[in-house]
Amino acid sequence: MKSWKMIILGVVAVTIVAAGKTAIGVWYFTNGGQVGISVAIFLFALLWLLTAIVAAGGFYLLQRFTRNNRRAEIRTLIDDEPGKECLIEAHAKHWCLTCAETDIAVLVVKGFSNLEIAKMRGTALQTVKTQLSSIYHKSGLGGRYQLIAYITDEVCEMSKASVKHPQPAPIARVASDDNVTWLR
């Protein structure tokens, strides 16, 4: 969901709860406050529940918004080497990596340390280490250096395959009145 849609959704939710609380308060006070204790407890519980729902929804939307922004920051921090990212993402499907594991694998191949990755992703260092262990287990690679070497070798193979060996220019024959010139 786009960030502006989340903001609009949050504003609408807060407005609805505020209107509901206001309506309940107006209803209570227009009846002269002649409401029994059970109704007062019910109103308190209802208002508390509405506030809790809006708070939980707001927390969820804020967390999602922050996660999306953090991913965008990570994408701008890493170099523009689409070969490595594309290879990791292609292998991620085959290795059954989660989105978080895929992001970490990309950052490892880009040369970031575990601590730098944890700071960029806003997670604990132990979380990064656990996810790296999962990446190595799922991929069948022995560790960080094997992952880097594996992806680097594939990038090199891709670049070798894409480099076209220069072909000699075709020979052209230019004829004038008395002589023939061959141009290469």
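Biologist: In which helix is Thr-102 found?

Modeller: This is a predicted model, where local features need pLDDT of at least 70, side-chain atom pairs count only at pLDDT 80 or more, and totals for chains, interfaces and linings use all residues. Residues are numbered from 1 along each chain as its sequence is written, and side-chain values use heavy atoms, leaving out hydrogens and water. Helices (H or I, at least four residues) and strands (E, at least two) are DSSP runs, numbered from the N terminus. Thr-102 is found in helix α4.

Biologist: Is Thr-102 buried or exposed?

Modeller: Buried means under 20% relative accessible area, exposed over 50%, and partly exposed in between (1.4 Å probe, protein chains only). Thr-102 has a relative accessibility of 11%, so Thr-102 counts as buried.

Biologist: Which residues is Thr-102 in contact with, leaving aside its neighbours within four places in sequence?

Modeller: Contact means heavy atoms within 4.5 Å. With those neighbours left aside, the residues in contact with Thr-102 are Ile-88, Glu-89, Ala-92 and Leu-97.

Biologist: Which word describes how α4 lies to α5?

Modeller: Axes are lines fitted to C-alpha atoms, for helices over the stretch in contact, and angles run from 0 to 180 degrees between N-to-C directions. Helix α4 (residues 99-109) and helix α5 (residues 114-121) pack at about 135°, with their axes 10 Å apart. Angles under 35 degrees count as roughly parallel, over 145 as roughly antiparallel, 65 to 115 as roughly perpendicular, and the rest as oblique. The angle therefore makes α4 to α5 oblique.

Biologist: How many nonpolar, polar and charged residues does the contact of α4 with α5 have?

Modeller: Helix α4 brings Ala-100, Asp-103, Ile-104, Leu-107 and Val-108 to the contact, and α5 brings Ile-117, Met-120 and Arg-121. Ala, Val, Leu, Ile, Met, Phe, Trp, Tyr, Cys and Pro count as nonpolar, Asp, Glu, Lys and Arg as charged, and the others, Gly among them, as polar. The contact divides into six nonpolar, no polar and two charged.

Biologist: Which residues is Ile-148 in contact with, leaving aside its neighbours within four places in sequence?

Modeller: Ile-148 has its place in helix α7 (residues 144-162). With a relative accessible area of 23%, Ile-148 is partly exposed. Those neighbours aside, Ile-148 is in contact with Val-108 and Val-109.

Biologist: How many helices and strands does the protein chain have?

Modeller: From the N terminus on, the elements run α-α-α-α-α-α-α-β-β. The secondary structure of the protein chain comes to seven helices and two strands.
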